[in-house]
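Please examine the sequence and the structure before reading on.

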Amino acid sequence: QVQLVESGGGLVQDGDSLRLSCAASGRSLSSYSMGWFRQTPGKEREFVARINWTGSTIAYADSVKGRFTISRDNAKNTGYLQMNNLKPEDTAVYYCAAGGWGTSRYEYPYWGQGTQVTVSS
């Protein structure tokens, strides 16, 4: 199994940037594809981005395309989500996930605890 820990969340203003990190332990992250999801109170956890184990295949939700960049460094056992031009509607708890491939949260067996991102207008 792999354990995931997110970091890098915080309070920023409209138009600012943040980089989230997802550190893996227990097993090499290079064994897994990974994804980022986000969730706001009362709503389903929604897909943000995904990347395969080599980094050669990437996909984004339409709402973040052109603003967010997913990447990974398998040597550091860490994944990243660079978020630029943040908007208030990006406010959510962000989760990294591993072991799945798709846009449904149910396809991913491994999850971090989440990190809060708040964008003020």
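## Basis of the model

The model is predicted, and local features need pLDDT of at least 70, while side-chain atom pairs count only at pLDDT 80 or more and totals for chains, interfaces and linings use all residues. Residues are numbered from 1 along each chain as its sequence is written, and side-chain values use heavy atoms, with hydrogens and water left out.

Strands are DSSP runs of E with at least two residues, and helices are runs of H or I with at least four residues; both are numbered from the N terminus. A residue is called buried under 20% relative accessible area, exposed over 50%, and partly exposed in between, using a 1.4 Å probe and protein chains only.

## Aromatic pairs

The structure holds 6 aromatic pairs. Rings of Phe, Tyr and Trp (its six-membered ring) pair if their centres lie within 6.5 Å; planes under 30 degrees apart count as stacked, over 60 as edge-to-face and the rest as tilted. One of the pairs joins tyrosine 32 and tyrosine 110 edge-to-face, at 5.5 Å centre to centre and with 75° between the planes. This pair links distant parts of the chain, for tyrosine 32 lies in the loop between β3 (18-25) and β4 (34-39) and tyrosine 110 in strand β10 (residues 110-111), 78 residues apart. Both tyrosine 32 and tyrosine 110 are buried.

Phenylalanine 37 and phenylalanine 47 also form an edge-to-face pair, at 5.9 Å centre to centre and 75° between the planes. Phenylalanine 37 belongs to strand β4 and phenylalanine 47 to strand β5 (residues 46-51), 10 residues apart. Phenylalanine 37 counts as buried because its relative accessibility is 0%, and phenylalanine 47 counts as buried because its value is 12%. Ring pairs link Phe37, Phe47, Tyr95, Tyr108 and Trp111 into a cluster.

## Charges over rings

A charge sits over a ring if NZ of Lys or CZ of Arg is within 6 Å of the ring centre and within 35 degrees of the ring normal. Arginine 45 lies over the face of tyrosine 95, at 3.6 Å from the ring centre. The charged end of arginine 105 is placed over the ring of tyrosine 106, 5.4 Å from its centre.

## Salt bridges

Side chains of opposite charge can pair when their charged atoms come close. A salt bridge is a side-chain nitrogen of Lys or Arg within 4 Å of a carboxyl oxygen of Asp or Glu, and the structure holds 4 of them. In one of these, the closest N and O atoms of arginine 38 and glutamate 46 are 2.6 Å apart. Arginine 38 is buried at 6% relative accessibility, whereas glutamate 46 is partly exposed at 37%.

Aspartate 90 and arginine 67 meet in another salt bridge (2.7 Å, N to O). Aspartate 90 lies in the loop between β8 and β9, and arginine 67 in the loop between β6 (58-60) and β7, 23 residues apart. Aspartate 90 is buried at 1%, and arginine 67 is buried at 9%. Salt bridges that share partners join Arg38, Glu46, Arg67 and Asp90 into one network.

## Two asparagine residues

Asparagine 77 has a positive phi of about 55° although it is not a glycine. Asparagine 77 is located in the loop between β7 (68-73) and β8 (78-83), and is buried at 17% relative accessibility.

Asparagine 85 likewise has a positive phi, near 50°. Asparagine 85 lies in the loop between β8 and β9 (92-98) and is partly exposed at 40% relative accessibility.
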